[in-house]
Every structure is written in structure tokens, then in C-alpha cells.
Amino acid sequence: PDPRITTFLTQHRATELHLTDVPLSLNAAETLGSALQYNFTLLSLFLDRTEIGDTHVEKLVAGGLKDNNHLTTLSLTKNRITAQSGPVLAEMLTVNRSLKRLLLDDNTLGDEALQPLIPALASHRMLSHLSLRATSIGDETVKLIIEILASPHHLVHLNVAKNCVTDAGTTELATHLKGPASIISNVDLSENEIGNEGVLELATSLRKNT
């Protein structure tokens, strides 16, 4: 493992770390996770396009990321993460209670990955920003997301663009958006399989959610 990662995170007071487009080895992922276990200043970690896969995620989380209760932003956009990482990320969220922004865009997660992950998010009441753009999800995941909306939550930004959501999922989501308890201010449903029925339901929710 590269000791420079540990040195940086344990001896410096950085609040953001961007490793975008830096390929991470398994050793680097494990070392990074271990260093985060003892880091109390880092708030945002961006690992976009780092070529990490499910084994990397497991090493990162088990190494110590799940025990870090200071990190507020985690971005794993455009990697090689699949449904296999769903339970691993869910386990992290049951321990880590500080995360506010989780970005998993452009990974082949599918509805299967979100089955364990969304219930964990539903009990994670600090989460305000969830981005699942281009993650091969559909109506099943939307139904799970509604679990978050039906419980006390702080979710204000939801991005499910470029997926396979249809009128059915959109209708269920719109029903909850027009409820008096809804606090969501930004929903991105762009480039999904939504027709006029779904649009009409969203329009109705906008009229009632004032």
C-alpha cells in the first residue's frame, strides 16, 4: 500500500480530495479506506473515473470508510461498479451517519443493487442529495426511493436521469411529491421512458405542491 495516501490524510487538514481520472489499484483503495478511518477533517471524496470495481469498493469500505463519520460527500461516478456492491454500500450507510451527498452516476448498478441500498438510505436521515444518473435502474428502484420519501428525511435533490423509468414509476413518484410532507426541490427525470401519462401526473403534483 502507498504510504503517501496515509500520510496525506493523517497529517494534512484537507477538506476535499479529488482523484478523478486517477486509476486506483486494490492496494490503493484499501489504503485509502484505512486512512479515512482516522481522518476527521476530510468532508468530500471524489473518486470519479478511477476504474474501480466491486472489489475496490469492498476494500475501500471494509478498510475504514464505513467507520468515518465526518465525510459528507462521496462520489463514485463513472466506474465499473455493479449490483455486487449494493450490499457493501448499504452496510457502509448503516454505520456512517454523516453522508449527505451520494453520487453513483454512470455505473451499471441496476434495480438489483438498489434493493439493499435504498432501505439503508431510508434510515440514513442526513442524506440530502442522491444521484443515480445512468445506472440502469427502472420503476422498481423508484418504488424503493419512495420508502425514503415516506419516512422522515432530508432528501431535496434526486437525479434518476438517463434510466428506464416509465409512466408507472413516475406516477407513483408524483403521488408522493404532491404530499404535504414532501421537501424535494430538485428532481431530474430526463431521458427516461416517460410518456404523456407520467408528465400529466407530474404536472398535477406541481399544482398541489405549492
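Author: Angles under 35 degrees count as roughly parallel, over 145 as roughly antiparallel, 65 to 115 as roughly perpendicular and the rest as oblique. This is a predicted model, where local features need pLDDT of at least 70, side-chain atom pairs count only at pLDDT 80 or more, and totals for chains, interfaces and linings use all residues. Residues are numbered from 1 along each chain as its sequence is written, and side-chain values use heavy atoms, leaving out hydrogens and water.

Reader: How are helix 6 and helix 7 oriented to each other?
Author: Helices here are DSSP runs (H or I, at least four residues), numbered from the N terminus. Helix 6 and helix 7 pack at an angle of about 10°, with axes 8 Å apart; axes are lines fitted to C-alpha atoms over the stretch in contact, and angles run from 0 to 180 degrees between N-to-C directions. The two helices are therefore roughly parallel.

Reader: How many charged residues does the contact of helix 6 with helix 7 have?
Author: Contact means heavy atoms within 4.5 Å. Helix 6 brings Asp139, Val142, Lys143, Ile146 and Leu149, and helix 7 brings Ala168, Gly169, Glu172, Leu173 and His176. Asp, Glu, Lys and Arg count as charged; Ala, Val, Leu, Ile, Met, Phe, Trp, Tyr, Cys and Pro as nonpolar; the others, Gly among them, as polar. By class there are 5 nonpolar, 2 polar and 3 charged residues.

Reader: Is isoleucine 145 buried or exposed?
Author: Isoleucine 145 lies in helix 6. Buried means under 20% relative accessible area, exposed over 50%, partly exposed in between (1.4 Å probe, protein chains only). At 1% relative accessibility, isoleucine 145 is therefore buried.

Reader: How do helix 2 and helix 3 pack, and what is the hand of their crossing?
Author: Their axes are 7 Å apart, at an angle of about 25°. That makes helix 2 roughly parallel to helix 3. A crossing is left-handed if the near helix is turned anticlockwise from the far one by less than a right angle, and right-handed if clockwise. The crossing of helix 2 and helix 3 is right-handed.
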